[in-house]
Amino acid sequence: MSRSEHLVLGIPSFRLTQEEVIFCITLVLIAAFSIFLPRFLTAGNILTLLNNVATLGILAIGMALVVVGRGIDLTMIAVMVIGVAFSIWLSTTGLPFGWALVVGGLLVILVGVGTGTLVAVADVPPIFATLGLASVVYGAGRIVFKSDVVYAPTGHGWFTFLGTGTIAGVPVSVCVAAVLAGLVALFLRKTRFGRFIYATGDNPFAARTMGLPARPVIISQYAASALIAFLSGILMCAVVSGINTRLYNSTLIYDVLLVVVLGGIGLSGGQGGVRNVIVGTILVGVLTNGMTILNISFTAQNLIKGVILLGALAIDALLNPRDEQTSQSGDI
């Protein structure tokens, strides 16, 4: 009998997983918006929808890597905006823009390693380690960059293509998100290190007892999350020809968490994957797109998404109750 099948009065029946429920809700929303909003189900709007959530989806993939390993990364937005802004600043000193991005990538990896070290070696709860380090990264960046918006250098055709180009009619950012999703899915499911992430997230103490490299795995998760956030920032910068550092103060990090939790990746760790992220991203994208067409204010949209996030957290607490080991380690 499968995990979603159980007996009712001796008759097999099926119970939907959270991922399947969210997928069904998404289909219902698409059907409803298609009926009541004539502009919704058009090729142009669908491509716009996918393009708008590509950055969110990429960030959610990075967050998923950490959450599967029983952690959380609140540094992602700070790393994204400051890493890209730092790269642009380096390019103004005479360093070619491509190499400046490479240096920026190395910097954010270093930040990720520092975050992972605080969590894995110093045993600082992830939510406090990442929250504190996010403030440090953003504060340091604000000291260097006096203005809120840092504009990318012009004259780089490859960078312009990232922001405005298409491949077979599909925006490049959507293609990048799809390729990244496929690579991370293969990494988690088909590699030994990916299995280590699941084992560490399921029970870190047991993983260490079995001889698994739990601490290097945790550090690697945060380094990968930082690098993925940086990639997301590059795409965002290419689209709008600059990066606004005040995004750190926006609700973007909560949207990322909303995608991850809605998709069905339990905060207790050790379960879920990229497919959950895709389902959650599509739901949030459809919902946001529909509310925008309905001319619902940005504040009201955030309120609605906040209520949905609270509901998703409550459902996660019911479906994935915290075990004794999680409670002893202070949770995330």
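Reply: The largest pocket is lined by 27 residues, and those that lie nearest its centre are Asn 52, Val 53, Leu 56, Leu 252 and Thr 288. A pocket here is an open set of points on a 1 Å grid over the protein atoms alone, where a 1.4 Å probe fits and protein lies on both sides within 12 Å along at least five of seven lines, while lining residues have an atom within 4 Å of a point. The volume of this pocket is about 760 Å³, taken as the space filled by probe spheres set on the points, with grid points joined across faces, edges and corners.

The model is a predicted one, in which local features need pLDDT of at least 70 and side-chain atom pairs count only at pLDDT 80 or more, whereas totals for chains, interfaces and linings use all residues. Residues are numbered from 1 along each chain as its sequence is written, and side-chain values use heavy atoms, with hydrogens and water left out.

Turning to the elements around the pocket, at least two lining residues come from each of helix 2 (43–68), helix 10 (214–240), helix 11 (252–263), helix 12 (274–293) and helix 13 (298–319), helices being DSSP runs of H or I with at least four residues, numbered from the N terminus. Helix 2 gives the most, with eight residues.

Thr 26, in helix 1 (residues 18–36), is buried at a relative accessible area of 4%, buried meaning under 20% with a 1.4 Å probe and protein chains only. Beyond its neighbours within four places in sequence, Thr 26 is in contact (heavy atoms within 4.5 Å) with Val 279, Ile 282, Leu 283 and Val 286.

As for confidence, the mean pLDDT of the protein, on the predictor's scale from 0 to 100, is 86, and 91% of its residues reach 70 or more. Confidence is highest in helix 4 (residues 97–120), at a mean of 95, and lowest in helix 14 (residues 324–328), at 46. Over residues 324–330 the pLDDT stays under 50, and the model has seven contacts for this stretch beyond four places in sequence. Where pLDDT is low, the predicted coordinates should not be read in detail.

Technical notes: Buried means under 20% relative accessible area, exposed over 50%, partly exposed in between (1.4 Å probe, protein chains only).
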